[in-house]
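Hi,

Here is the structure I promised to pass along. Have a look, and then read on for what turned up in it.

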Amino acid sequence: MSADIRHPPSNKELAERFGVSTRTVTRVVKRDPRWWTNYRRELRRKAAALHATGMTWKQVGEALGGVSESAARSLGKRGSGEWASGQREATDERQQDLPL
């Protein structure tokens, strides 16, 4: 079973993989609602580390489980800090237009 970035394994797949019931998997996943964020963060770090070893973005995508080259590039650049996380700065743009 290869890891797919766009679709994490289903509860049924995880249950079969670890030899437990789907109910057990559901309970474990519900314990930490931030698991998806952690999963993505780890993928970004892994993509950045693979690219730092000299792999091309296409090779990084293949190593991550068949991800497209552009998705691998996006993950790697966010993982290395080259691209922002997509969150805006905490400044209020309306204040910049006020006369002093």
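This is a predicted model: local features need pLDDT of at least 70, side-chain atom pairs count only at pLDDT 80 or more; totals for chains, interfaces and linings use all residues.

The chain averages a pLDDT of 78, and 74% of the residues score at least 70. Among the elements, helix α4 comes out with the highest mean pLDDT, at 92, while α2 (residues 22–31) has the lowest, at 82.

As background, nonpolar side chains in soluble globular proteins tend to be buried together.

Leaving out residues up to four places away in sequence, Val60 touches Ala47, Leu50, His51, Met55 and Ala72.

Next, α3 itself. This helix has 18 residues and spans 26 Å from first C-alpha to last, close to the 26 Å expected at 1.5 Å a residue. Its buried residues are Leu43, Ala47, Ala48 and Leu50. Looking down the axis of α3, you will find them within an arc of 165°, so they line one face of the helix. What do they pack against? The buried residues of α3 pack against α4 and α5. Just after α3 comes Gly54, with a positive phi of about 105°.

On charges, the count is 1 salt bridge. The partners are Arg73 and Glu69, whose side chains meet at 3.3 Å, N to O. Both sit in helix α5, 4 residues apart, or about one turn of the helix. An α-helix has 3.6 residues a turn, so residues three or four places apart point the same way. Arg73 counts as partly exposed because its relative accessibility is 29%, and Glu69 is also partly exposed, at 39%.

Last one: is Lys58 buried or exposed? Lys58 belongs to helix α4 (residues 57–63). With 51% relative accessibility, and the cut-off for exposed being over 50%, Lys58 counts as exposed. Its C-alpha is 9.5 Å from that of Ala71, which is 13 residues away along the chain.

Cheers

Technical notes: Residues are numbered from 1 along each chain as its sequence is written. Side-chain values use heavy atoms; hydrogens and water are left out. Helices (H or I, at least four residues) and strands (E, at least two) are DSSP runs, numbered from the N terminus. Buried means under 20% relative accessible area, exposed over 50%, partly exposed in between (1.4 Å probe, protein chains only). Contact means heavy atoms within 4.5 Å. A salt bridge is a side-chain nitrogen of Lys or Arg within 4 Å of a carboxyl oxygen of Asp or Glu. pLDDT is the predictor's confidence in each residue, from 0 to 100. The expected span of a helix is 1.5 Å times one less than its number of residues. The arc is that of the directions from the helix axis to the C-beta atoms.
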